[in-house]
Amino acid sequence: MIGKRVVYLIFILLAGLFAIFYNVYFTMIFFFAVLILPFLLLFTAWLSLRKLEVKVSALPPLTKKGNDIEVKFEALNSSGLPITHLEICYTYCNEISGRKKKDKVILSVDKHSLAYAVLRLKSEHCGNIKIAVYRIKCYDLLSLGYISRKWPSWQIISVMPTLHPMAGDLIRRTADMEMDDESVHYLEHKPGNDPSEIFGVRDYKEGDRPNQIHWKLSRKNQKLIMKEYSQPLRDRSLFFLDFKVEGEGEKKLYQLDCYIEAAMSVSEGILKNGHQHRIIWYDWKEKKYVEKDIIDSDSSNEAQTALLSAAFYNTAEEEKKQYEGKEEDGSNIIYLTNELSEDKIIRLQKPGMLQLHVIYINDLQKMPLKARTEDFLRKSMISCYRIDIKNMKESIFKLGVVNY
């Protein structure tokens, strides 16, 4: 690009010398034409840029670590002039690390036509990858200069964590204990067969039982209205995530990879064992606790997506406020953390709680659980499990089976 400008500048100088030595009407016209031409070309580039649209898209927008991602940049030229050189400047970054990288795509777009370029990306870390077009540059036909404008177009690609199977059931014993008691909690999104609580009403269907008829509404509406009973929720559990992230860049990505992978593997494992639960973590950007109810695979996917953009804290952050939940929010607490202390355990215990399950995740060779904390857990009869980030798959598989 610079070379073309230098060559054209030399051409202008030669045209000027030619006009001086041969002082005739034609040479002067030629010199001024050469001098004005770049400005006319820039004007045509401006006209083309006014009727240019750029869009970025990604397939698939939801993927797993290591899978290929196709990012498509499309440029639609609605003007009657061709664009021989179009630069689409964009940034991409994993929102967990926060480090932006810049790059550009070069296209040529004919008049009244569409052109596109496809890039293949692959992420070795989970997280939300944001690809954003921030500026487009339209060069003139000789590529001597360009007209640019800001273009806010972006696409989020969610790279989901790898989930590992869990052989055991962390809360099987306490769930069985609860089944003997009458439940006061019911599923909000699914009917059941408990006649003590009505989930909703609906029209009659063939095969409905007579004892489900809502006689009062049936008389009022002159048709059979049926009652839908509620589904008891007997083993409500709270799943606390408490991570302290240290470092930046690749180190931070690796740490959060392990934590999110472990958290969602445990969540998926207890859900498959029939235990619906609520995941809770503290968001340092919003300065509040985030809560996600996990009742099925859809809500689990929503929680995973939310975790990818969660702002977990680091050593420079101030102490967060304590979670203030109601006593009836859950009778089992699962606490997943990479920094365990007696004070944190004491704050988690509350009246009416059946069981506290502690899961300690870290590099167990470099950061083993302190002997004092282990002794406190043993004396308090609190279940404690460990996940080694150097051996994630095997550690998670043993959860609920091997109790330390």
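Helix H1 (residues 2–21) packs against helix H2 (residues 25–50) at an angle of about 160°, and their axes lie 8 Å apart. H1 is thus roughly antiparallel to H2; angles over 145 degrees count as such, under 35 as roughly parallel, 65 to 115 as roughly perpendicular and the rest as oblique. Axes are lines fitted to C-alpha atoms, for helices over the stretch in contact, and angles run from 0 to 180 degrees between N-to-C directions. Helices (H or I, at least four residues) and strands (E, at least two) are DSSP runs, numbered from the N terminus. The model is predicted: local features need pLDDT of at least 70, side-chain atom pairs count only at pLDDT 80 or more, and totals for chains, interfaces and linings use all residues. Residues are numbered from 1 along each chain as its sequence is written, and side-chain values use heavy atoms, without hydrogens and water.

The crossing of H1 over H2 is left-handed (the near helix is turned anticlockwise from the far one by less than a right angle; clockwise gives right-handed). On the H1 side, the residues in contact include Tyr-8, Phe-11 and Phe-18. Their counterparts in H2 include Phe-30, Phe-31 and Pro-38. Contact means heavy atoms within 4.5 Å.

H5 contributes Ile-260, Met-264, Glu-268 and Leu-271 to the contact. Among the H6 residues involved are Ser-297, Ala-303 and Leu-307.

H6 (residues 297–308) also lies across S12, strand S13 (277–283) and S14, and runs at about 155° to S14. These strands belong to an open sheet of 6 strands, in the order S14-S13-S12-S15-S16-S17, with mixed pairing. Two strands pair if DSSP finds at least two bridges between them. Strands S14 (288–294) and S17 (383–388) stand at the edges with a single partner strand each, so one side of each has no neighbour in the sheet. The twist averages 20° from one strand to the next. S12 (residues 237–242) and S15 (residues 332–337) pair in the parallel sense over 6 bridges. Asp-242 has Thr-337 in S15 as its bridge partner.

The structure holds 0 disulfides (pairs of cysteine sulfur atoms within 2.5 Å). For Cys-258, the nearest cysteine sulfur is that of Cys-126, 8.9 Å away. Cys-258 is buried, at 5% relative accessible area. Cys-384 is also buried, at 3%. Buried means under 20% relative accessible area, exposed over 50%, and partly exposed in between (1.4 Å probe, protein chains only).
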